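Here is a short tour of a fold, put together for a colleague who likes to see how the pieces sit together. Have a look at the model first, then read on.

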Amino acid sequence: MSEASRLKSTVYVGGLDNAVNEKLLADAFLPFGEIIDVTIPKPELLSSQDSHRGFGYVEFEGAGDAKEAIDNMDQSEFYGRVIRVAPAKPQKDSNEGLGSKTAIWETEGWIAQHAVSEEDRLSAQEAQHAPIPSEDPMQSIYSDVAGPRFQESTR
C-alpha cells in the first residue's frame, strides 16, 4: 500500500480516556471495516503517569471504511468522553517546525527558497565597490549643535 493511500485509510481519534487501550479502540471501530492497525502513542516523558497521550490512529483496509468511521464516530461518546475522529495528517519530519533540533536556515527547503541568485550576488558586489559620492547628504545634520546656542559675553 502506498503512503498516500495508507494515509487516506487512516483516521485520527482524539480525546481518548486513559482507560482506553488499543483493543478497545479496535473493537469500537470494527463495525466500519477491516482494521489493519491501531496505534495509541505513549507519553514522551517516562515519568508520566498516563498510559497514553489521549489520541490514537486507526488504519483501515480501504479509504471508504475510514470515511464511514469519520462520518459515524466524530463527536460521539466513547468511555464517557466526546471523541474527535478526523482524517490523519502526514507526520511531520522531526527537523521541521517547533521543537526542531536544526536551525531553519540549515534545512534543504529553506535554502532552496531563500538562496540568492548569482545575478543578485553580482549586483550586491558592484554596489559595494561603487564610488562614494563626495557630498554627504547627512552633512547638514553634523553642523547642527543640540541645545541652546551660547554667545560669548563681553563683560
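The notes below cover the sheet and then the helices beside it.

This is a predicted model, in which local features need pLDDT of at least 70 and side-chain atom pairs count only at pLDDT 80 or more, while totals for chains, interfaces and linings use all residues. Residues are numbered from 1 along each chain as its sequence is written, and side-chain values use heavy atoms, with hydrogens and water left out.

**The sheet**
- Four strands form an open, antiparallel sheet in the order β2-β3-β1-β6 (strands are DSSP runs of E, at least two residues, numbered from the N terminus; two strands pair if DSSP finds at least two bridges between them).
- At the edges sit β2 (35-39) and β6 (84-87), each pairing on one side only.
- On average, neighbouring strands are turned by 20° against each other, direction ignored (axes are lines fitted to C-alpha atoms, for helices over the stretch in contact, and angles run from 0 to 180 degrees between N-to-C directions).
- Strands β2 and β3 (residues 55-60) run antiparallel and are joined by four bridges; I35 has F60 in β3 as its bridge partner.

**The helices**
- Helix α2 (residues 22-29) packs on the sheet and touches β1 (10-14), β2, β3 and β6 (helices are DSSP runs of H or I, at least four residues; contact means heavy atoms within 4.5 Å).
- Helix α3 (residues 63-73) lies across β1, β3 and β6, at about 150° to β6.

- A66, A69, I70 and M73 are the buried residues of α3 (buried means under 20% relative accessible area, exposed over 50%, partly exposed in between, with a 1.4 Å probe and protein chains only).
- These residues lie on the same side of α3 because they cover an arc of only 100° around the axis (taken from the directions from the helix axis to the C-beta atoms).
- G64, K67 and D71 are exposed on the other side of α3.
- The cover over the buried residues of α3 includes α1 (3-8), β1, α2, β3 and β6.
- Just after α3, Q75 has a positive phi of about 65°.
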